Amino acid sequence: MRKINYPFLIFVLIILILAKFLIKNEYYLSIVIFGMFNAINASCFNILLGYTGIISLGQAAFYGIGAYFAVTVAASFGINPMPAIILASLFSALAAFIVGYPTLKLHGHYLAMATLGFGMIIYVLMNEMAFITGGPSGFLDISQFKFLGISIYGEHSFYIFVAIMFFIFTVLFEMFDKSYLSYKLKFIKESEFASKSFGINIFKTKLIVFTITAGITAFNGGVYAYYSGFISPVSFNFNYSIELLTMAIVGGLGTVSGGIIGAAVLTALPEFMASIEDYEMILYGCFLAVTIIFLPGGLTGLIKRITGKNASD
Amino acid sequence: MLQIKNVGINFGGVKALDNVSFDVPCGCITALIGPNGAGKTTLFNIITGFLKNKTGKIFFENENITNAQPYHVFAKGISRTFQNLNLISELSLKENLLLGIIGKDNPSAVKSILRLNSKYWHRVEKKIDYCMEITGISEWRDRKTDEMPYGILKYLEMARAIINEPKILLLDEPAAGLNNVEKENLMGLLSFLINKNITIFMVEHDMNFVSNLADNVICLNYGKVIANGSYADIRNNEEVIKAYLGDPDA
Amino acid sequence: MKKFTLVLIILMMSSVSYAEIRLGALFSTTGPASFLGMPEKQTLEMLVEEANKNGGINGEKIELYLYDTRGIDAEARKKFIRLVKKDRVDAVIGPTRSGSTLAIKELAGKFKMPLISCASSDRIIEPINPFVFKVAPSDMFAVRKIYSYLKDNGRKKVAIITAQNGYGDSGRTALLNEAEKMGIDIVADEKFRDNDRDMTAQLTKITEKNPDAIICWGVGPAPAIVAKNYKQLQPEAMLIMSHGVASKKFIKLAGNAAEDIILPAGRLLVAEKLPDNNRFKSMLVKYKNTYEERFDSSVSTFGGHAYDAFQIFKKAYKISVKENIEMIKAIENIKGYLGTYGEFNFSQNDHNGLDMDAFIMLKINNGDWELIN
Amino acid sequence: MQFIYSGITSGSIFALVALGFNIIYNTTGIINFAQGEFVMIGGMLIYTLLSIYGLPFLIAAPLALIIALFLGALFERVFIKSVRSPNEIKLITITIAASIILRGLGMVIWGRNSLSVEAYIPYKILELPAGTLTSNSLLVIIVSLITAFSLSLFFKRSSLGKAFRACYDDKVAASICGVDVSKIRMLAFGIAALLGVIAGIVTTPITYVAYTDGIMTGLKGFAAAILGGLGSFWGGVAGGLLLGIFEGFFASVFPSGYKDAFAFLIILAVLFLRPKGLFGKKKAERL
């Protein structure tokens, strides 16, 4: 319907390519890689909250399901990483469907509680089903990542893979944003009552969105597991869901660039604050509070205001 | 066209609607009147599937739509407006109209994301233009709704309700809050719609408006139908007068 | 995005200062394991300062690069790469938690970066990674010490209650594995979470099984609550804790309920009470006194890990310079180092270097530690 | 049976936290994710006043409560009131931001170790049918119940309490009737902080306090409030007690590692079957 924002996509692409050639230090590459993982998750969260109005505090659980399912399936059945990740993504989507079926009838705080509860249950399962997951000590038996016969190992080659994945998802998010679907979701978010009376099957739409974002998050989680080479439940607890929430909000809800900018800033920020250690938490909180209080549209809104043009549409 | 049969609903012991039955005939304007709290909007909500009635049945074109989901009701060709508008303030007028149509057509999401259905979108754009024109709001098409005056929004809501070419239009107080000029225009628009063979069923308080337009008037009080007939009949009906002015004997 | 890359580029160009010896450290100084990471950090900072005052190692000053892992695997990974690639350190001490160590175990091999972990999980050194060492004794040793103590006292029916975290899980595994080998009968296997406030439900369940002893494996305040709940229910069984509570803070928290608890721990806690001819005594007392004087808080064996790790690094650095061999070979050559947890004898196949001797059995008596034989 | 006693002990704390959630929710419509942080601050305050300044308990406790009231009001002014064009999501996130700041302050001020204070009353083990309870746990239960009752009296009888209820029913109408809604909101946060600090004071001798404690306490309290029905006063109390008993029950019946999973499973089941919580009332909505 609306025109795709090609300058934005090209800008992202240039940054990604520039980063590849300019950043030689693996430390910075690893931060960018983490930033991209976070960005995809935060964008999924953004689609849920910023577009559809579903507050999901269980996103970390889907991320974890993806990571654990991919590596355990690969380890126990000897499947290649990529098919395992796809299976994990499908499995997570199925889980989201089953969970979403009863939960998405709830609203607001009740929905927040339900998704939070789901996240907690998955967290307990990750800890307790030690015969599959390795329990709290973590899962170490992760094979080397191979894709199309090329083995991907180390920050440099993973950067290329994750950057491609990230760019594909960004393009998809942008296309989604400009399609009628994003309107449909915004209608649901703004007025369920009006959307219902104009023939939108709210529940079905929400369920589909919830399922697909869970699938993407899990796919991302699977790749993350192979990148990190070790996973343990602490990476997928409630705190991570909250981190995603803050990223999406700091970046700007309801925009494609919101999740990306929020993830980039909040992934990079703690690295610069490493020297002030004790005060890092306070500063992080203040940064968040200041963004919410003074920047209604998040950082995307700020950029829009400064440049006077639309960064995302 | 729309048949209400013995519909009843309770809200915590209060009978909001009690054994309500009437028909909305095809191709004309039917008005539902009654004092505040008579159950008019409740009835609308039952018809459109937002409330589940305890008793009775609703038929649309001889098809039972009792307790159907709102989107099913809408798909049958029943479109409505609201007392409190229910527009989406963050979006432009044009985008608000989109809501009226995508729920009906349900275009493929995948095709839409991959941008494979551009022909369809051309048709949609044309429809939007057309509806904006007949409601007279074309010049503000790209403005955001929250910066528009109430009258324009009222028309926008009308446009949103007719863009999907409904068979019947349920209007909840269409004239409320409009000035006289706007009311005149609205009457013109409704007559135009009747000519387009769209049945209109409206809740309205403005008796002048009702008298000018309605072919058929139904009066509700305390959840009961107390009168049903032409405007002239209703005006002289004692019970209606009592309901509006209060019972002098009481 | 623009700003972000700009800052990135600036950071990339600003190369780091030039110190002779660069030592990296990763401790969990915030997050749930922060009360373990903090003494480690303080100890290491104290030692580095002291070493530099005394002319560094071989006359070279040590520059310390210390980062907080927040107890998160991903954070440990990021910070480890930062130490290796940006700060270009010679070796890394830490992380505090087993999970964080495991998360960077493979990377250490890839970057050929010597890593001396302060975490206890056996999986850190099994399978062996030539670059990864640990100074914390294996849970297996503590478990064996406990079991043999129990057997000596004719107690064979044991109930375990472990924390639902990496520390508790690793202890639980050791407890279950060693039980079979040593003929101990585990009658109950319960768990608690770090932030649980009441464990009477689990303890009641345990009591119904009539065990001879209850072994609680956890760190932080939760075991103190277990001790209190144990006192409340007054079961027949004796209560045994892990070395995770080997700190005066535990006694302070549990108060009266800590009395008579038995636990395996390093000698550091009872440094003064060791006989004068004990070969560990002088070194332990010295560390303990300097630490307690400087930070005004009682020493913990976790800080001792950092102490050992630093001493081992120091020795290895000297050896590697003297004999012109790699750092890891130098560590493997360290024999007979007397550390806070016993005598370290590293070898190519043993990257921990400790044995069962690492632990001694202690009893809490009148709010203080008491050696038992 | 023991699980019931232990469940009621931990449940009465959840109940106090849930009440804090409900009071703020009712007057402002916000879920205050920093509610658990108030409990942490309460524990820290009483530790500071008792152990560092060496005040007697009878001075320290009221002082802590006064500080709490002030802190809660300040919290509202700094974080909540300053949000421009507030909506639900923004307000939830600002409380998350606030909780991070409070936690960070807690760490900087009080350090990383768990702190404890001497028990306020002599330690005794009470033998009850099929279980035991310590005198300190009993104190927790009694204080929580007294607090809940006096709060309910405050809302029912006092004119200020009635103003709170008016705000809940209809903000606009309340302000027309001369209720200073802004002041009520500030007070609501004050009272919520007060509740948190009370919970912190009574639990610190038993369960200690560390700067990270707030997160889980807050989540459990939120779960209790939802279980009982958000906004329902006695629902929050019942939800808290039930949640405590559930946890104890599952720990004593199933492998205890899974107890949290079961507790949340129950909450999910309640939400699916009774979406408004066990005792929640449906507020009439105008379509």
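In the predicted model, the C-alpha centres of domain 1 and domain 2 of chain C are separated by 29 Å. According to the domain assignment, domain 1 of chain C is made up of residues 19–137 + 289–358, while domain 2 of chain C spans residues 139–265. Contact between these domains involves 17 residues of domain 1 of chain C and 17 residues of domain 2 of chain C. On the side of domain 1 of chain C that touches domain 2 of chain C, at least two residues are supplied by each of α2 (34–53) and α4 of chain C. By class, this side of domain 1 of chain C consists of seven nonpolar, seven polar and three charged residues.

Chain C also contains an open sheet of five strands, arranged in the order β2-β1-β3-β4-β5 with parallel pairing. The edge positions are taken by β2 and β5 (132–134) of chain C; each has a single partner strand, so one side of each is left without a neighbour in the sheet. On average, and with direction ignored, neighbouring strands of this sheet are turned by 20° against each other. Seven bridges join strand β1 (residues 21–27) of chain C to β2(C) in the parallel sense. In this arrangement, C:F27 has C:D68 in β2(C) as its bridge partner.

Two helices that pack on the sheet may be described in turn. Helix α3(C) touches β1, β2 and β3 (91–93) of chain C, and the direction of α3(C) makes about 175° with that of β1(C). Helix α11 (residues 301–323) of chain C likewise packs on the sheet, where β1, β3 and β4 (115–117) of chain C are touched. The direction of α11 of chain C makes about 165° with that of β3(C).

Between chains, the contact of chain C with chain A takes 33 residues from chain C and 31 residues from chain A. The elements of chain C that give two or more residues to the side touching chain A are α1 (2–13), β2 (62–68), α3 (73–86), α4 (98–111) and α6 (166–182). Of these, α3(C) provides the largest share, eight residues. By class, the side of chain C that touches chain A has 11 nonpolar, 11 polar and 11 charged residues.

Among the five pairs of chains that touch, the most contacts are found between chains A and D. Chains B and C, by contrast, do not touch, and their nearest C-alpha atoms lie 25 Å apart.

Terms used:
Residues are numbered from 1 along each chain as its sequence is written. Chains are lettered from A and ligands numbered from 1 in the order in which they are written. This is a predicted model: local features need pLDDT of at least 70, side-chain atom pairs count only at pLDDT 80 or more; totals for chains, interfaces and linings use all residues. Two residues are in contact if their C-beta atoms, placed from the backbone, lie within 7 Å. Helices (H or I, at least four residues) and strands (E, at least two) are DSSP runs, numbered from the N terminus. Ala, Val, Leu, Ile, Met, Phe, Trp, Tyr, Cys and Pro count as nonpolar, Asp, Glu, Lys and Arg as charged, and the others, Gly among them, as polar. Domain bounds come from an automatic or database domain assignment. Two strands pair if DSSP finds at least two bridges between them. Axes are lines fitted to C-alpha atoms, for helices over the stretch in contact, and angles run from 0 to 180 degrees between N-to-C directions.
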